[in-house]
Amino acid sequence: PNTVRMAILEPNYVWAIDQALPRMLAELGCRELSAKEAALRLARERAKRIMKSGEDPLPSLQYFYRLMLSADYLGELVELGYLEDEYDFYTDENVEARRARANEALKNLLASEAG
């Protein structure tokens with residue numbers, strides 16, 4: 001019933017959606033994630049995609065930085081999160097070395113999931 005209620009609400013009925021959403025999620029067996037849990041899940045999903053596809057990790061560093069901030073400097077995200085800042089200070093490092101460091105940080109993030 002709560003899921004049906006959410007389905008018929010108009011998008012501009014913000015208050016009604018706000019009231020119905022928690023009941024709908026409970027009905028579906030979903031639970032709320034903390035900001036830290038959500039940031040870590042998002043970071044790991046992006047890391048997996050980057051590692052699987054072989055895409056350049058450097059454009060995603062800002063994304064990891066924002067996730068780290070939203071998770072209140074969660075330990076698992078600090079290495080990746082601060083790579084962006086480090087590059088502002090260590091501009092003499094070449095792009096390939098930066099990319100290698102970013103790939104290593106991605107591996108460390110994914111290894112922390114297993115451990």
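In this predicted model, the loop between α4 and α5, the latter spanning residues 75-89, contains D72. The backbone of D72 has a positive phi of about 55°, although D72 is not a glycine. Most residues other than glycine have a negative phi. With a relative accessible area of 55%, D72 is exposed, because a residue counts as exposed over 50%. Y73 lies in the loop between α4 and α5 as well, and its phi, near 60°, is likewise a positive value in a residue other than glycine. The relative accessible area of Y73 is 42%, so Y73 is described as partly exposed.

Y73 also takes part in a feature of the surface, where L69, Y73 and Y82 form a nonpolar patch with about 260 Å² of accessible area together. The C-alpha atom of L69 is separated by 23 Å from that of A114, a residue 45 positions away along the chain.

A positive phi is found, too, after helix α2, which is followed by G29, with a phi near 80°. Helix α2 itself runs over residues 14-27 and has 14 residues; from its first C-alpha to its last it reaches 20 Å, close to the 20 Å expected at 1.5 Å a residue. A20 is buried, as are A16 and M24 in α2. An α-helix has 3.6 residues a turn, so residues three or four places apart point the same way. The cover over the buried residues of α2 includes α1, formed by residues 2-8.

Helix α3, comprising residues 35-53, contains I50, which is buried, since its relative accessible area is 1% and the cut-off for burial is under 20%. When residues up to four places away in sequence are not counted, I50 touches E55, P57, S60, F64 and L106. In the case of S60, which is 10 residues from I50 along the chain, the two C-alpha atoms are separated by 8.9 Å. R44 is also located in helix α3, and at 12% relative accessibility this arginine counts as buried, because its value is under 20%. Its contacts, again leaving aside residues up to four places away in sequence, are with E76, L109, L110, S112 and E113.

The structure holds 5 salt bridges, among them one in which the side chains of K48 and E45 meet, with a distance of 3.8 Å from N to O. K48 and E45 are 3 residues apart in helix α3, and they are therefore separated by about one helical turn. K48 counts as partly exposed, because its relative accessibility is 35%.

A further salt bridge joins D56 to R99, the closest N and O atoms being 2.9 Å apart. This pair links distant parts of the chain, since D56 is in the loop between α3 and α4, whereas R99 is in helix α6 (residues 95-114), and the two residues are 43 residues apart. The relative accessible area of D56 is 30%, so D56 is partly exposed.

R99 has another partner in E96, and the side chains of these two residues meet in a salt bridge of 2.4 Å, taken from N to O. Both R99 and E96 lie in helix α6, where they are 3 residues apart, about one turn of the helix. E96 counts as exposed, because its relative accessibility of 52% is over 50%. Taken together, D56, E96 and R99 are linked in a network of salt bridges.

Key:
Residues are numbered from 1 along each chain as its sequence is written. This is a predicted model: local features need pLDDT of at least 70, side-chain atom pairs count only at pLDDT 80 or more; totals for chains, interfaces and linings use all residues. Side-chain values use heavy atoms; hydrogens and water are left out. Helices (H or I, at least four residues) and strands (E, at least two) are DSSP runs, numbered from the N terminus. Buried means under 20% relative accessible area, exposed over 50%, partly exposed in between (1.4 Å probe, protein chains only). Contact means heavy atoms within 4.5 Å. Patches are made of residues with over 30% relative accessible area and no salt bridge: like charges are joined within 9 Å, nonpolar side chains (Val, Leu, Ile, Met, Phe, Trp, Tyr) within 5 Å. Accessible areas come from the Shrake-Rupley method with a 1.4 Å probe; for residues, only the protein chains shown count as cover. A salt bridge is a side-chain nitrogen of Lys or Arg within 4 Å of a carboxyl oxygen of Asp or Glu. The expected span of a helix is 1.5 Å times one less than its number of residues.
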